[in-house]
Amino acid sequence: MNLKKVKSRLKDEKLDLSLCDLKEVPIREIATIKKATHLDLSNNLLTSLSSTFVDLKQIVILDLSRNMLTEIPENFGELKRLKHLDLYANQISRLPLSLSELKSLRWLDLKENPLTPAVASVAGPCSNLSECQACARNIVTYLSSVKLTIEEEKLRRLNAITDMETGTVPTKKGGRKKKKKILDKNNKQNLDENGSNQSSEVSLDKIEPLIITHNRNQADKTHEAKGNAHRFFMSMISWLFLFGLALTLMIVILPLYSKQSELFIEYIESKTGIHLKAFQKYSTDVFDSFIQAVINICNNLYHAYEKNFKTEMDIPANK
């Protein structure tokens, strides 16, 4: 598609190149149209994007839905102005770590893509505006975490390799600290020099289980803390109940057998104004009624036993 045809499809700030059967993006022609901040490339035959796609730095809204993209460029994070990204209905299974650099991204749709389970769970359903906004936030945060994990792992491996190459370790404490600082400095320089190339060498699929395990461990710790708090709360309630029961029994029963206990209750009554004697009388009546009820039940059971079971046992003997 030549520049004239591309310009003919520009309306205000939107460049609509949808339904054009494009197999590749006319990047050079689009880059000349600085006014085009909204680029619609939906419903084409795109299977990949060139690494020069990031030359379109003016793009704020990008629609790549309903193509056949299997991946997006590793340097895609250079589109710093991008706020809206539609990747609906493609064949994308992995996302580049550079997406973590899209700090302006506010809307992202990843529906109908064969994403890995970990990325799919982070992305969510993307079925409405709020879910697509959440998808953008969660994916940027998730990929930032993955990127940090990769860099820490590479630094650890570089330290291990450097230690193996040097062979000996200084015995003096000051020498060991000095050597560690030098090694860390060298390793950080190596990481800065290799940059995105090293990031692309590390498979996202290998790191995802580490992130999932970390999240699971955090969830288990939270669950365990909640369980401990629940157990503590229940034990406190149990102890308070037992203490209250013991106190009630002491108030109700002890005065029946001890004159000193009655004096103690009178003393508390005079100091607090609580009518413990009335409570004691009522509790005693309830307690006596309960005891009498238990006795009556036992008597009834015994009479029923004598009337039925004992009579049946005596019949064969009479025969």
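**Terms and their grounds**

Author: Read from the N terminus, the elements of the chain follow the order α-β-β-α-β-β-β-β-α-α-α-α-α-α. In total there are eight helices and six strands. Please note that this is a predicted model.

Reader: Why is arginine 66 called partly exposed?

Author: Its relative accessible area is 45%. Buried means under 20% and exposed means over 50%. The value for arginine 66 lies in between, and therefore the residue is called partly exposed. Arginine 66 is located in the loop between β4 (61-63) and β5 (84-86).

Reader: What is noted about the backbone of arginine 66?

Author: Arginine 66 has a positive phi of about 55 degrees, although it is not a glycine. Alanine 89, also not a glycine, has a positive phi of about 55 degrees. Alanine 89 is placed in the loop between β5 and β6.

Reader: What makes β1 (10-11) and β6 edge strands?

Author: The six strands form an open sheet in the order β1-β2-β3-β4-β5-β6, with mixed pairing. β1 and β6 each pair on one side only, and they are the edge strands.

Reader: How do you know that β4 and β5 pair?

Author: Two strands pair if at least two bridges are found between them.

Reader: Why is a set of residues called a nonpolar core?

Author: The name applies because its members are buried residues of listed kinds, such as Leu, Ile and Phe, joined through side-chain atoms within 4.5 Å. The largest such core here has 52 residues. Those with the most contacts inside it are Leu39, Leu41, Phe53, Leu62, Phe76 and Ile139. The elements that give two or more residues to this core are α2 (27-31), β6 (107-109), α3 (117-123) and α4 (129-166). The largest share, nine residues, comes from α4. In soluble globular proteins, nonpolar side chains tend to be buried together.

Reader: Which residues does leucine 39 touch?

Author: Leaving aside residues up to four places away in sequence, leucine 39 touches Leu15, Leu17, Ile30, Phe53, Leu56, Ile59, Ile61, Leu62 and Asp63.

Reader: How much of the chain is buried?

Author: Buried residues make up 30% of the 319 residues. The chain exposes about 21300 Å², of which carbon and sulfur atoms supply 58%.

Conventions:
Residues numbered from 1 in each chain as written. Predicted model: local features only at pLDDT ≥ 70, side-chain atom pairs only at ≥ 80, totals over all residues. Heavy atoms only, no water. Buried < 20%, exposed > 50% of the residue type's maximum accessible area, 1.4 Å probe, protein only. Helix = DSSP H or I, 4+ residues; strand = E, 2+ residues; numbered from the N terminus. Contact = heavy atoms within 4.5 Å. Areas by Shrake-Rupley, 256 points an atom, 1.4 Å probe, with all protein chains shown as cover.
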